[in-house]
Amino acid sequence: MSSFIRLHPADDVVIARAQLMSGSSVDGVAVRGLIPPGHKVATRAIASGEPVRRYNQIIGFAHQAIQPGEHVHTHNLNMGAEKGNFERDYAIGQDVKPEAARKHATFMGIQRADGRVATRNYIGVLSTVNCSATAARAIADHFSKRNNPTALSNFPQIDGVVALTHGTGCGMDTEGLGLKLLERTLAGYATHANFWGVVVVGLGCEANQLSTWLANSSLRQGETLKVFNIQDTGGTRLTVEKGIALIQEMLPQANAVQRTPCSAEHITVGLQCGGSDGYSGISANPALGAAVDLLVQHGGTAILSETPEIYGAEHLLTRRAVKPEVAHKLIERIRWWENYTAANGGEMNNNPSPGNKAGGLTTILEKSLGAVAKGGTSNLQAVYEYAEPVNAKGFVYMDTPGYDPVSATGQVAGGANLICFTTGRGSAYGCAPSPSLKFSTNSALWKKQQEDMDLNCGEIVDGGVSIAEMGQRIFEMILAAASGEPTKSERHGYGQNEFVPWQVGAVM
């Protein structure tokens, strides 16, 4: 097995499979200096200002001359004079392909009365505002296996009672985008198939008024949705008691469910990557993309997101857009983000993070090209704004920030009933009410943090396992997790603190 990986014949760099010592040879070139695993080595002389290619795509521009065999990283590669604003060939719809023959895998799901299918069966406690978060958590804590082991002992079909609280809901424009996003997010969770029922706790005087939220979201109270305010109930103690009583009334009916064989078309997967490294776009991300293509063939849905992390690779998605308006909506969201970051004194290359760079990624262009690989090769059917209900089948896109908890929160609000999360640095993440599978991009991480990882995609880098084979494994894990098999993050109790709605606009 060679000491390096070449991704495309036209690339200017190769990727170190393991640490490379000065004087060793890669692709017929002598290495200059120490090259860490996952980092890039130049295979030709590159003049200052020239573009540098990986995946046969531009990942940045040399800001000083680079010699063959040199380490290519932040010291000699950046976004260029135009900060990444070079011409992309959007070629809208050019790569749209005929739909593959339909396949018919099943999983053991929970059929809801409205025809939707759940992968978990929780009861949720949501807060309208940070001021009601403590009471919401106290209600859920009463049913915690850690605090009260017998509370749910007679209800084995219930996966748990979880409080999903947040730090916003007031100090914001009541007509602004920030409140609209919060309303949409809470509505998506309140009606999520993985919740049998939800209790929503408000304070009473906040910007995010319960009555307004119900009206704007076309929701009303019933046996599976209960709402009330602390100020109306008479304080914290009475609020907690009321919330506990409401959930106790829900338990018998929530427990009266059973898993039955259901078509894989009812699975909606949110695609995430966090703590990425130089191997992400080589192993776990394309393997997840292969699994996405399989899921789409079975009628399921996959949601790619994290708009700041597709920047510079969006043209690979517009080429797969089934309609021009789908591509134009994606481009519109890219432009929105350029303006949004500029208005806040930043730029799109503020991402990658320090951990990403330590793992071998240099620019957002390079990171994005690897991140897009999670979306496989299927046609792009639709583009959604944050937390909008996803009603299309197949491969779709949702505009979200790159910050994983915020992004996944939007995907779950849109209907994702499972999350797939790739990581090269060892991200610690879980999700409720949707189970989260985590895939390591390299074997060193797997050995170090195996208790947090569900699958080692580093076997692709090590050799012997193809992307297609790993994609099949991931698809089978998706079916198993959707059928109720606990993920590593669920065993650790992750999920409640990872609910982070996107907060935009001025805090007043």
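## Around Leu317

Setting aside neighbours within four places in sequence, Leu317 is in contact with Leu304, Ile310, Leu330, Val372, Leu380, Phe395 and Tyr397 (contact means heavy atoms within 4.5 Å). Keep in mind that this is a predicted model, where local features need pLDDT of at least 70, side-chain atom pairs count only at pLDDT 80 or more, and totals for chains, interfaces and linings use all residues. Residues are numbered from 1 along each chain as its sequence is written, and side-chain values use heavy atoms, with hydrogens and water left out.

## The nonpolar cores

Leu317 also turns up in the largest nonpolar core, which has 110 residues; Trp213, Ile267, Leu317, Phe439 and Ile474 have the most contacts inside it. Helix H6 (residues 284-297) gives this core its largest share, 8 residues. A nonpolar core here is a set of buried Ala, Val, Leu, Ile, Met, Phe, Trp, Tyr and Cys residues joined through side-chain atoms within 4.5 Å. Buried means under 20% relative accessible area, exposed over 50%, and partly exposed in between, with a 1.4 Å probe and protein chains only.

In soluble globular proteins, nonpolar side chains tend to be buried together.

Ala264 sits in the loop between strand E16 (259-263) and strand E17 (268-273); helices (H or I, at least four residues) and strands (E, at least two) are DSSP runs, numbered from the N terminus. Ala264 counts as buried because its relative accessibility is 0%. Not counting residues up to four places away in sequence, Ala264 touches Ala105, Thr106, Phe107, Leu295, His298, Gly300 and Leu479. The C-alpha atoms of Ala264 and Met108 are separated by 9.4 Å, with the two residues 156 apart along the chain.

His315 belongs to helix H7 (residues 315-318). With a relative accessible area of 9%, His315 is buried too. Leaving out neighbours within four places in sequence, His315 is in contact with Gln57, Arg88, Asp89 and Tyr90.

## Where H2 meets H11

The axes of helix H2 (residues 177-190) and helix H11 (residues 404-413) come within 8 Å and cross at roughly 55°, so H2 is oblique to H11. Axes are lines fitted to C-alpha atoms, for helices over the stretch in contact, and angles run from 0 to 180 degrees between N-to-C directions. Under 35 degrees counts as roughly parallel, over 145 as roughly antiparallel, 65 to 115 as roughly perpendicular, and the rest as oblique.

Thr185, Gly188 and Tyr189 in H2 meet Ala408, Thr409, Val412 and Ala413 in H11.
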